[in-house]
Amino acid sequence: MSIKTKTIIIGLLFLGVMVSAVLFFQGSNIAVLNPKGTIASQQRDLIWIATGLMLIVVLPVFALTGYISWKYRSSNKKALYMPEWDGSRALELTWWGFPLLIIVILSGIIWRSSHDLDPFKPISSNQQPLTIQVVAMQWKWLFIYPDHNIATVNFIQIPEDTPVKFEITSDAPMNSFWIPQLGGQVYAMSGMETNLNLIANEPGEYDGVSANISGEGFANMRFKTKVSSHDDYLQWLSYVKQSSDALDFELYKSLAEPSVQGAPLLYSSVEPLLFKAVLEKFMHPTADLRQNSGLPIFEEHNEGSH
């Protein structure tokens, strides 16, 4: 078999691998590569751009590794032997220059995208933003709609093409809130509030997950995000308002106990200061401050507050 034939075979094998990889990614429902929102689409594009730029270096390195290993094998007596050759400015410039250029380009892209995709940055839209307060528990998610005075567990519904501001905290170990098809994840930490602004452009049901291991029930700490039309969203709000359950402080304390919640829960009303109370629970303010602010004094922190 001639060298030319072997080269063609190797080239065809390499091309086959690349085509197979492209077909695999196109046919697979990988959440981060199948975005359904503006933020997720920009993040998907960033992944492809960064991967493509890095492959400019990676692919030639692997190709040259195979070529050099084959060309300068011990059985190839025709390979040119140059023991006194110690370098080439052209080659040095190539293998240092291209990676440096790619790093500079990536730095510019990442700097710009870090500002454009800042999770705290509000999304411009003609629609009024919707606020959802998120409390990570062991091992369930509580969602409070302060504008509508309702709450849900392990389920949220939002209208399409409407900015959603998630205000996120934790009443358990640090966790991570993530809806892969709508945008990146943000950590939920006790005593702290983080924000995440997302928008969904297509109706459908999308999986929400915990992206930070938090104990025994972590694998079941999932929720559904339903994106619907504005009319369907309003009908859903009316449906939730008909629920016989109301989330007060006593019910919240039992809900916060470590457990895996199967079916979603709906609450027709919520104590107005519940989310703020969860934040204050871990800040150890003075008793007078808590009473003046109207917040409930949680028993487990009341004993050690002095």
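Me: Which residue in β10 does F155 stand opposite?
Reply: That's K224. Keep in mind that this is a predicted model.

Me: OK, and how do β4 and β10 run, parallel or antiparallel?
Reply: Parallel, with five bridges joining β4 to β10, which covers residues 222–228.

Me: What's the strand order in the sheet they belong to?
Reply: β4-β10-β9-β6-β7, an open sheet of five strands with mixed pairing. β4 (155–159) and β7 (186–188) each have a single partner strand, so one side of each has no neighbour in the sheet. From one strand to the next, the twist averages 25 degrees.

Me: Which strands of that sheet does α4 touch?
Reply: β4 and β10. The helix spans residues 230–241 and packs on the sheet, with its direction at about 140 degrees to that of β4.

Me: Switching topic: what's the order in the six-strand sheet?
Reply: β8-β5-β1-β2-β3-β12, open, and the pairing is mixed. At the edges are β8 (194–198) and β12 (265–267); each has a single partner strand, so one side of each is left without a neighbour in the sheet. Ignoring direction, neighbouring strands are turned by 20 degrees against each other on average.

Me: How many bridges join β2 to β3?
Reply: Four, and the two strands run antiparallel. β2 is residues 141–145 and β3 is 150–153. Within that pair, F143 stands opposite T152.

Me: And which strands does α4 lie across here?
Reply: β1 (130–136), β2, β3 and β12. α4 runs at about 90 degrees to β3.

Conventions
Residues are numbered from 1 along each chain as its sequence is written. This is a predicted model: local features need pLDDT of at least 70, side-chain atom pairs count only at pLDDT 80 or more; totals for chains, interfaces and linings use all residues. Side-chain values use heavy atoms; hydrogens and water are left out. Two strands pair if DSSP finds at least two bridges between them. Axes are lines fitted to C-alpha atoms, for helices over the stretch in contact, and angles run from 0 to 180 degrees between N-to-C directions. Contact means heavy atoms within 4.5 Å.
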